[in-house]
Amino acid sequence: MQITFALIIFSFCFSLYAQDSDYSGQGEVALEFRQFEKDQSELTEDTNISIFTRLEQRYESDPFSHVFRGYARVDKKDQNRAFVALEDAYFSTFLATEYKVSAGYRLFNWTATEAFHPADVINSRNFDSNLENLEKKGEITLEFEAPFFDGVFSFYYFPRFEEPEYPGEKSRISSVVLQRSVVVDGVDTTTNDYWSPQYGFRVTQSLFDADVSFHFLNHIDRNMPIVGTHKYSTVLVPGSVTPLTTESTPYFFRVQQIGGTYQQVFGDLILKFEFANRSFEQETPILTTKSVVLGGGSGATKIVENHTEAAFGMEYIISLEGGVDLNLFAEGNGIFGVDEVERVDMSTFQRDVMLGFRVAFNDLMGKEIYLTAIGDIERETEYLINFNYTQRLSDNWKIKTGVRIIEAPQKNPAIKEGLESLDGDSYLFMNLSRFF
Amino acid sequence: MSIKITSFVFLLTFIVNFQAIAKDSPEQKGLKIAKITRKANEGFKGEESSMEMVLIDAYKAKTVRQMKSKVREDGSDGDRSLMVFLNPKDVKGTKMLTHSHKNDDDDQWLFLPSLRRVKRISSRNKSSSFMGSEFSYEDLGSQEIEKYNYKWLKDSKTKKGEALWVLQRIPKKKSGYSKMVMYVSKKKNNPVKIDYYDRKGELLKSAVFSKYKVYKVGKKKLYRASKIHMKNVQTKKQSIFTWKSRKLGIKHKSRDFDKRSLK
């Protein structure tokens, strides 16, 4: 928070020096309302009323540029939803015409698909947002870019792990209150030190009608924590693992990831593919909260299994009369190299398909309808339907309203797995935004 | 003696050229005129401009859109352009990068600022409305002559006596139009009016190009319209596209038009 505050002050001071022509700014203030279907618990809030603010300022004077962007949210009903996130706060400059160096907080988007994003892993997420497109937090990054054939080669250095945001105890999104995240880097699981050298590179190329990228990362994973504790005993009860605490902590492990994306245009059809192969550091077994609930046992501890995650998608565009565009989407994903039980623990979307469409009326008010349905093809009756309607009210005002329906009945009465933790958490929402 | 020979050669050349033009079919003549206009408009090197578009509905209510753009001339295979949307505010910062091609579909990418995402898009569907206006992406995109079949219809004049070629242009590939009829100024080598016909062959809209300015790039004089008034005759809606500022002859860097420029 201190770093955030210092950057805000610094950026403000910098903007005073920037000439009008080099400087631009924009922002958004939104009133967000969401109403969940009623549950039986008095501990959780079924209604969220929040104020969301995003600010961006940009200074560009060749060869230098500076970007500052962040957002904040406060919720009247759930104080745990209040947080400030820096997305971008960096300087960059070109060296020797084509070589670019950037330093500061950065937000990346490496995905090629709409709903499943195995290759897009750099930034930590806010897990109290839409599962298909979780909000992100910026990461401290030093980046070097160089032209490479018909594309770019980029080298990244990340000195710090940014902790993800988790829903609080009043949230309908999560039923578990989590402790501060622990980074497992080596065998030291007893500290919360997030300063840890991480690095990677990415190559992007445009080949005919295709965009291809390939990356390698050696970093702390941000998306697949094991939730549990490393504080347990194997000697108190012989043949069993006994937790020494009731706290649940997310553990994030160092991983080596090789991945890539591919997008190709065939007339009105766009094909998309992305994948990631992950090899985790596996020296520290964690006693999972799930194992404790299920009664422990000698095999109760676990490590993150190495695996490959892939997603494939298609987008087809139809132009209708009156300038209306219809985009049809079909996507699928899968986690490979581990069994079904392991897959469910790793991700909410472990073997799913998404079908959807977007109707853009391309009219004065920018009216748009977006509908997607995600269904699990491995686990029975698990689906998520998302319907949005968006339109401008004026040049500055915009309204977005819709519904998210989640159906995933609990199969094991003792524990909720995957999307089951969101079963019964369907909600209506309406966001009224003013842009400036 | 030498004057007589020169006069004879000149006369012979004139007769040969006249016969060649006279022999041209309307299609060949149309293509030749299109090539003349292309050559006349080449050589701008780079362009930087800021634009405003006023949208007028059937009840005369007005809405304003703003954007700025950069274009880099790439002689070998189409131009490269970057358009940045400034208003309405919810799309401010959205960028569209286009690499035009003379024969193939253009390559296009869209930068969505809220997601920080660069998305490859299909350039095939050009009939979509541009920012809710009466202009389509096809109207404002690259007009490479290889993408159309031309036919000269007649010579004509404006009310003020400006000489015109009247050409018919039919898209070779998928388009929102069945044909376009262009009224091209012989002096400016640019259109003063284009009539657009829908897929059913009925007149859909008319664009009037006006407020031409002359720009000098090196020794070359280039004409550019500062205003395009598009009227949809079917819906009665109108859109007026005006250039607030425009500079030609700018030497843009190639990095201004690669995908890095979108971030």
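Two strands pair if DSSP finds at least two bridges between them; strands (E, at least two residues) and helices (H or I, at least four) are DSSP runs, numbered from the N terminus. This is a predicted model, in which local features need pLDDT of at least 70, side-chain atom pairs count only at pLDDT 80 or more, and totals for chains, interfaces and linings use all residues. Residues are numbered from 1 along each chain as its sequence is written, and chains are lettered from A and ligands numbered from 1 in the order in which they are written.

**Exercise 1.** Determine how strand 11 and strand 12 of chain A pair.

Solution. Step 1: locate strand 11 at residues 195-207 and strand 12 at residues 210-220 of chain A. Step 2: the two pair in the antiparallel sense, over nine bridges. Step 3: as an example, A:Arg202 has A:His215 of strand 12 as its bridge partner. Step 4: two residues lie between the strands of this hairpin, where A:Phe208 takes a positive phi near 55 degrees.

**Exercise 2.** Follow strand 12 of chain A to strand 16 of chain A.

Solution. Step 1: these strands run antiparallel and are joined by eleven bridges. Step 2: A:Phe214 has its bridge partner, A:Gly260, in strand 16 of chain A.

**Exercise 3.** Describe the contact between chain A and chain B.

Solution. Step 1: count residues as in contact if their C-beta atoms, placed from the backbone, lie within 7 Å. Step 2: 27 residues of chain A then touch 22 residues of chain B. Step 3: strand 16 (249-266) and strand 20 (307-319) of chain A each supply at least two residues of that side of chain A.

Terms used:
Two residues are in contact if their C-beta atoms, placed from the backbone, lie within 7 Å.
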